[in-house]
Amino acid sequence: MWFFTSPKIIFGEDSLEQLRAIEGKRVLVITDPVVSKLDMLGLVVDELKKEPRTIEVFDQVEPEPSFENVEKAAAAAHHFQPDLLVALGGGSCIDAAKGAWVLYERPDLKLEAVSPMTKLDLRKKARLVAIPTTAGTGSDATWVAVLTDKSQNMKLDYFASRELVPDYSILDPRFVLKLPKEATAYSGLDALDQAIEAYVSQWRNDFADGLALRSIQILFEYLPKAFDNPDDLLARQKTQNAATMSGLAFSNSQVGLAHSTGHALGAIFHVAHGLAVGISNPYVIQFSCRDAAERYSDIAHVIGIKEESYEKATEMLVESIKRLMVRLKTPLSLREAGISKSTFEQGVDTLIEQTNRSTCTFVNPRVPDVEEVRKLFVCMYEGKPVDF
Amino acid sequence: MMVTYLAKFPSEEWIKLFMEQLNANKNYEEAAKTWEGDFLFVINADAELKEPATMYMDLWHGKCRGVALVNPGEERKAAFVYSGPYGNWKKLINKQIDPIQGLLTGKFKLQGDMAKVLRAVRAAKELVETAGKVPTEFA
């Protein structure tokens, strides 16, 4: 027995117009200082103003939002008492809005106490609309939020509840047109990794499988086009759809080891999330191939690799991902990403510890022991193929 | 001919064998080296098990310091209580249910500091895998 959970998804050109039809008299827009300076915030506010409402903006979401940052957003909500929250931005803004939503509705709870087993009883005060401005995290479609616990210098990856799935996700391609090249590459690689990990997860299921495979297919075709030509509206729309499909896929199965190692790399070395999971992905596939080669070969086949042997198809998939990363001007190893040997050696024990504490590690098709996690990080650092 | 002795689940024999296996598991010892917290495992009656049963495990820094089959009517407290119907326990021990998915789908309930458990998934996984290695005869 399992569940499939999804927001109502409004997608395609002019989909923002539907914001007008969403009920809410007091609207709090949660965004970050970068987005608030772009015309996207104006577009959202103008659309909201087509109905009589009071609107307030909280524009102080930090990248990789900390508990403190989320509490600040929640304080703004407590002060303003909204009946509709609009999360506008990348994964950080949407995740911060999810956290703030919980604290607004349930001031009796602490963020660290929230887990999939906590009954939140949300939607007594407000509903949540997500409008992503990146095409990667899929947070607009998921029931998880990645928040940073600064006291432990780690990303909390069990802040999750099916109640946290936004009520609406609005995918208007205009909102990703201004995404810089690097962010296009990193967020696209995040989406790709999410879909791959969802497809091979121990918790995989038929519903997530379909979304994952189609998302991978779209990303291989359209991500390079969106990267090369940022004004290509079709490529932007396709990658945006694929990111949300990937979010739906992993939200309803799980992400795996590339995400637990990626979260650790983000927390310890402050590597951008998409880059961290992008670098981890090929190494994790090589490691997991022993127990999931047939699944990886399915993925290879949908991107056009014609190879019957599961293992060879998986090898070719890894090569295709690496070629895509090179095409997107993305480093293939932690060393290439600029992490010095001494920094790596100083941090590796903490990376291992955090990877071992992540729930994502234990739904990976092959669960590593502590020594294997160490060897995996060394391969990621050196850029060496995984042969154990 | 080698005869494998099977311990009936749930029983005092079974929980004692579980303790022995767990204390011999080096992976568990490493994964749970900072764990502090005892457990009550509550096996609720269902169509297959007429009388409910409760087993107690004192887990501390990678070792199990003691176990007991709790007598009916006895009040025993623990930091964590993991409970579910007998049929679901059978599936858990036979690895047909993932312990976390079991919680998410309501097949099991956990009382206690959930965040602490979710930071110790490797230890939980080793614990369940070890339970699967106890030669078990189901009621």
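Predicted model: local features only at pLDDT ≥ 70, side-chain atom pairs only at ≥ 80, totals over all residues.
Local features need pLDDT of at least 70, side-chain atom pairs count only at pLDDT 80 or more, and totals for chains, interfaces and linings use all residues; side-chain values use heavy atoms, without hydrogens and water. Residues are numbered from 1 along each chain as its sequence is written, while chains are lettered from A and ligands numbered from 1 in the order in which they are written.

Start with chain B. Its open sheet has 5 strands in the order β4-β3-β2-β5-β6, with mixed pairing. Strands here are DSSP runs of E with at least two residues, helices are runs of H or I with at least four, and both are numbered from the N terminus. Two strands pair if DSSP finds at least two bridges between them. The edges are β4 (63–70) and β6 (109–111) of chain B, each pairing on one side only. On average, neighbouring strands of this sheet are turned by 15° against each other, direction ignored.

Strand β3 (residues 53–60) of chain B pairs with strand β2 (residues 39–44) of chain B in the antiparallel sense, over 5 bridges. I43(B) has A53(B) as its bridge partner in β3(B). L40(B) stands opposite Y56(B). On the β4 side, β3(B) and β4(B) run antiparallel, joined by 7 bridges. Here M57(B) faces V67(B) in β4(B) as its opposite residue. The hairpin of β3(B) and β4(B) has 2 residues between the strands, and H61(B) takes a positive phi near 50° in it. β3(B) is mostly covered, with 7 of its 8 residues buried. Buried means under 20% relative accessible area; exposed means over 50%, and partly exposed lies in between (1.4 Å probe, protein chains only).

Now the helices of chain B. Helix α1 (residues 12–23) of chain B lies across β3 and β4 of chain B and runs at about 175° to β4(B). Angles run from 0 to 180 degrees between N-to-C directions, and axes are lines fitted to C-alpha atoms, for helices over the stretch in contact. Helix α3 (residues 86–93) of chain B packs on the sheet too, touching β2 and β5 (80–85) of chain B; its direction makes about 105° with that of β5(B).

Helix α6 (residues 121–133) of chain B holds T130(B). T130(B) has 2% relative accessibility, so this residue counts as buried. Beyond its neighbours within four places in sequence, T130(B) is in contact (heavy atoms within 4.5 Å) with F18(B), Q21(B), L22(B) and N25(B). T130(B) and F18(B) are 112 residues apart along the chain, yet their C-alpha atoms are separated by 7.2 Å.

Turn to chain A. Helix α8 (residues 257–269) of chain A packs with helix α11 (residues 341–357) of chain A at an angle of about 130°, their axes 9 Å apart. The two are therefore oblique. Angles under 35 degrees count as roughly parallel, over 145 as roughly antiparallel, 65 to 115 as roughly perpendicular and the rest as oblique. The crossing of α8(A) and α11(A) is right-handed. Among the residues that meet are L257(A) and F269(A) in α8(A), and F344(A) and L351(A) in α11(A).

The second pair is helix α5 (residues 181–200) and helix α9 (residues 273–302) of chain A, with axes that come within 9 Å and cross at roughly 25°. α5(A) and α9(A) are therefore roughly parallel.

Technical notes
Left-handed = near helix turned anticlockwise from the far one by under 90°.
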